[in-house]
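Work through the exercises below with the sequence and the coordinates open beside you. Each task is followed by a solution in steps.

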Amino acid sequence: MLIALIVFVAVGILFMGATFLLSRLLRPHRPNPVKLQSYECGPEPFSDAWRQMNLHYYVFAILFVLFDVEAAFLFPVALALGKLGWFAFFEVLLFVGLLLVGWYYAKRVGGMEWER
Amino acid sequence: MPDRFLFPIPQDLDWFALGPIIVVVATGLVALIVEMLRHKRNNAYVVGVSVVGLLVAGAMAASQAGEPAKEILAGTFLRDRFGCVVQVLMVAACLLSVLFSEGYLRQKRIAYGEAYPLMLWATAGGMVMATSRNLVTLFVGLELLSVSLYVLAGLSRTEAKSEESALKYFLLGAFASAFLLYGIALFYGATGSLHLGRVAEVWTSGFETGRSLLAVGMALILIGLSFKSAFVPFHQWTPDVYQGAPTNIAAFMAAGSKVAAVAMLYRVLDAAQPMVALWLPPLFWVAILTMVVGNLAALVQKDAKRLLAYSSISHAGYLLVALLARFKAPDVVSDAALLYYLASYSFMTIGAFAVISVAARAGRESTGLSALNGLWQRSPFAAVALLLFVWSLIGVPGASGFVGKLLIFRDALAADLVPLAIVLAVASVVSVAYYLALVRAAWVADESEADAAVAPLNAGSGLALGICAAGVLGLFVFVGPLLGWMAGPRSAEAERAPIVRQG
């Protein structure tokens, strides 16, 4: 058991090292600044990736996830409601009700407005 | 149309047994709605709704303590005496913290009404942790408690210390959760189930791979829980978080969060009873380290909240001794010492934090020991109460802390854990030095800064202090019946006998 583990680890390290060494020996070496640029769906990068984001993005992201999950949950329940019956119906109603309270709270504290 | 088509309610769904948790969660929702509809900056109704809801939930939990143990929803929840008593403790911890919150938050100009729903949901999370044997349910309860507390720790948004506290708590809490989740995944791999009851079966099966997988999974789960209970060497977050968080939240963390974490640890160790030979030695050393490091580090603290944080670490060590004694000798030792100590610790700690909350002020808050200077003149009641809590925290006869330590000491001896009993006794002696620093700051020393805060004791704080003081004394006076209630009628006789001799 232990020997098998040691052999496994050793082979893993050797294989990794050999692969890197081999590719280093075989590949051509032509440095070019364009190769180091970050690539995002075609558009050219216009600033550093570490610039500050508006904090409001996160509120929107959280609200989006919240209702995304709700939708993802409602579809399967809607399809299976015939088998699940009234108990499941009321449980889903409770679930939506809980989210509604959260939605109203977010609306009230200004989570839906972009600039404050 | 078949019957199940109309209304197929799960057969073992017992609404009343789940009642306390449902009531607390629903009260949180109602409190949030009330908070949204309230008049400007008046949280009176929010506090009122919270208090009423907590009282109802506490009564529901207490009324079920005597009923036979029962699994609900296919083992997702477990209603038994231990769970009910812990639920009552969680509710009491939340109630006491809520009582002194409003005055404190107002003084600090951060009277956001959202604090109360979050505290209620954190309590509900802790209650779930005490009443389940399903690892995923336990995890969801833990996260409900933790996520609410991350937000609450950062409640004082303009204060850098509070933000630091929230961030540190969040990062280390997430780290601990990762350990726990990995452990749960391995547990599932080993047992094919998320129910803790499967441990014994797999462990005794003799299937070697399953056994080692289970052992590693259990180890990871225990590490995650050690973070949450602040055992040494997983304690480093505690002082920073307690110091930075608003004092009422720190009180709830120190009492409620600790009770919940120890309760979950109890559930896990209870299930892992067949593996006791494996986890007892490491936890034995963790207990010794926790008691020694907690008490020694507390000696050099200059900040009242940090001092209480290290005090809470050393009390976590005493609680771990009680847990180890309980599961090393399950036939001799009952739950009584653990539950009694949890109750006593909650009252003392919340009381001590409530006294410190008189140092509240807007913006940057100083909770150095000198902030308590002259307390006996400003608020004699708070100063006397502090004396009582320190009395009890040290473990001098006359208050509940003494009985708690005595019970743990006795259990440790009964379970043949003599080194732990000795370390516990020595650690208690060492703790006298730093607890007296609190008393000295409040009664003797006069090195107060020019801006030392002078907050009058408001009604809520007074009430909370009074209840905590009554709790500390009441636990001492009514120790016999209370132990009977906590440990059940079967062991009540065995528990009562040595108590008479103490009296």
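Predicted model: local features only at pLDDT ≥ 70, side-chain atom pairs only at ≥ 80, totals over all residues.

Residues are numbered from 1 along each chain as its sequence is written, and chains are lettered from A and ligands numbered from 1 in the order in which they are written.

**Exercise 1.** Determine how helix α6 of chain B is oriented relative to helix α11 of chain B.

Solution. The axes of α6(B) (residues 135-153) and α11(B) (residues 247-271) come within 11 Å and cross at roughly 165°, where axes are lines fitted to C-alpha atoms, for helices over the stretch in contact, and angles run from 0 to 180 degrees between N-to-C directions. The two helices are therefore roughly antiparallel, a class that holds angles over 145 degrees. Among the residues that meet across this pair are B:Leu142 and B:Leu145 of α6(B), and B:Met253 and B:Ala260 of α11(B); contact requires C-beta atoms, placed from the backbone, within 7 Å. The residues of this contact divide into 10 nonpolar, 1 polar and 1 charged.

**Exercise 2.** Find the angle at which helix α2 of chain B packs on helix α3 of chain B.

Solution. Helices α2(B) (residues 15-37) and α3(B) (residues 44-63) have axes 9 Å apart and pack at an angle of about 175°, so that α2(B) and α3(B) are roughly antiparallel to each other. The residues of their contact comprise 14 nonpolar, 4 polar and 1 charged.

**Exercise 3.** Decide whether B:Ile221 and B:Arg198 are buried, partly exposed or exposed.

Solution. Begin with B:Ile221, which lies in helix α9 (residues 208-229) of chain B. B:Ile221 counts as buried because 26 C-beta neighbours lie inside 10 Å; the class buried needs 20 or more other C-beta atoms within 10 Å, exposed means 12 or fewer, and partly exposed lies in between. Setting aside residues up to four places away in sequence, B:Ile221 touches B:Leu180, B:Gly183, B:Ile184, B:Phe187 and B:Val268.

Next, B:Arg198 lies in the loop between α7 (160-191) and α8 (199-203) of chain B. B:Arg198 is partly exposed, since 18 other C-beta atoms lie within 10 Å.

**Exercise 4.** Which helix of chain A has the highest confidence, and which the lowest?

Solution. Within chain A, confidence is highest in helix α1 (residues 2-26), at 94, and lowest in helix α2 (residues 33-36), at a mean of 81.

Conventions
Helix = DSSP H or I, 4+ residues; strand = E, 2+ residues; numbered from the N terminus. Parallel < 35°, antiparallel > 145°, perpendicular 65-115°, else oblique. Contact = placed C-beta atoms within 7 Å. Nonpolar A, V, L, I, M, F, W, Y, C, P; charged D, E, K, R; others polar. pLDDT = per-residue confidence, 0-100.
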